[in-house]
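Here are some notes to go with the model. Have it open while you read, and take the points in order.

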Amino acid sequence: MKNFNLENFLIDLEEALSPWNFNTGSTVHNDFDEFIHIFQTVINKHAPLRKLSRREKQLQAKPWITRVTSIKNKNRMFRKCYKCKDAKLIAQYKKYTNELTRLRKIAKQQYYFELFQKYRRDSKKTWKTINELYSTHRKQSSDINSLKLNDGTQTSCPITISITLNEYFSSIGVSMGNGIRPTNTSFTTFMKSISKSFVFNGTCAEEVIACINNLRNTSSSGIDGISTKFLKLAKSTIAPILAKLFNKSMECGEYPDGLKISQIVPIPKCSSPCIPSHYRPISIVPTVSKIFEKILYARVSNFLNKNKLLTNLQYGFRNNASTELAVSAIYESFLENMDKGKSTCAVFLDLSKV
């Protein structure tokens, strides 16, 4: 992003998308694939991926150190001292180094002070900063060098490791489902019956822009390689096209195949993972899919709440509900039973692999 020009990027993107017609007999799957391809091509032209230089990696590891001439002067003085071995130059170098060390400490303190001020209302980022500040070891590499297979053999082949983990993650649901005892009670017994039908209403460019604005500012991306940063930069250009694509998908009742593909990252659950069960999967979906999911969720959630199909005792994954309210409701129930002289019994269930 060093030489990235936003104006030229938007001009090229608009020129690439303007002649494209996705309404002439093509499927919604092909339309989305073509849109992603065009967007990726323009991004790669204006912001191609490149490796960080050694200096850039150092600045990334210690962001409080800016590109100042004082560090360059220190390195220049060191080279002079190394060549001539002059006692006066060595004394000047030591004095300069001590002063520079003092300034770097001040810069580091100021950096973290501003960071804590910035995240004072965000506990998650505050704790992340604290862990980063007091971390005594470097972050471990996410690469898996070896894995123990089901037959007891050890493998270091990346392809075999990927296939083994993929098979394990995809079979967890089936294996756990087979362990559940069958019942004669249907799930429909617990559902409220209504006469109204659910229909997906179309979306518009304004709603798409609102969904893009609500996305987290992250540089990570799914398998499509499109990050939130570029979606927000190009939101005015792509929003009308995405709205038409989303409407076409809802009208035909098909979710684009390209948006179903997720990048699975295995995260170790212990310090020395060696078998598939020592990992848990994290799914990174395409960023465009997140926008579509928000639009679909808004319609489904609105229908469920409007027709009161969800119990008031469900506090998870709902707007205006939280774990604090759940604890408060349980506490009030305990107090009410105590006033009436009744005993209270609670059953807690922990769902595995959710």
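1. Let's start with the aromatics: the structure holds 12 aromatic pairs. Keep in mind that this is a predicted model.

2. Take phenylalanine 4 and phenylalanine 230. Their ring centres are 6.0 Å apart and the planes meet at 75°, so this counts as an edge-to-face pair. The two come from distant parts of the chain, 226 residues apart: phenylalanine 4 sits in the segment before helix H1 (6-17), and phenylalanine 230 is in helix H9. Both of these phenylalanines are buried.

3. Next come phenylalanine 198 and phenylalanine 303, with ring centres 5.2 Å apart and planes at 65°, so this pair is edge-to-face. Phenylalanine 198 is in the loop between H7 and H8 while phenylalanine 303 belongs to helix H11, so the pair ties together parts that lie 105 residues apart in sequence.

4. Phenylalanine 303 has 18% relative accessibility and counts as buried, because the cut-off for buried is under 20%.

5. There is a cluster to look at as well: ring pairs link Phe32, Phe246, Tyr255 and Phe292.

6. Phe292 is also one of the buried residues of H11. Others on that list include Thr287, Val288, Ser289, Ile291, Ile295, Leu296, Arg299, Ser301 and Phe303. What do they pack against? The buried residues of H11 meet helix H2 (28-46), helix H8 (205-213), helix H9 (228-233) and helix H10 (235-252).

7. I also checked the length of H11. It runs over residues 287-306, and at 1.5 Å a residue its 20 residues should span 28 Å; the end C-alpha atoms are 29 Å apart, which agrees. After H11 comes lysine 308, with a positive phi near 50°.

8. Now for the second largest pocket, which holds about 310 Å³ of space. It is lined by 12 residues, and the closest to its centre are Ile144, Ser162, Leu165, Ile264 and Pro266.

9. Where does that lining come from? Helix H7 (158-178) and strand E3 (263-268) each give at least two residues, and H7 has the largest share, with six residues. By type, the lining of the second largest pocket splits into eight nonpolar residues, three polar and one charged.

Terms used: Residues numbered from 1 in each chain as written. Predicted model: local features only at pLDDT ≥ 70, side-chain atom pairs only at ≥ 80, totals over all residues. Heavy atoms only, no water. 1 Å grid on protein atoms, 1.4 Å probe; cavity = no way out; pocket = protein on both sides within 12 Å on 5 of 7 lines; lining within 4 Å. Points joined across faces, edges and corners; volume = space filled by probe spheres on them. Helix = DSSP H or I, 4+ residues; strand = E, 2+ residues; numbered from the N terminus. Nonpolar A, V, L, I, M, F, W, Y, C, P; charged D, E, K, R; others polar. Expected span 1.5 Å × (residues − 1). Buried < 20%, exposed > 50% of the residue type's maximum accessible area, 1.4 Å probe, protein only. Contact = heavy atoms within 4.5 Å. Phe/Tyr/Trp six-rings, centres within 6.5 Å; stacked < 30°, edge-to-face > 60°.
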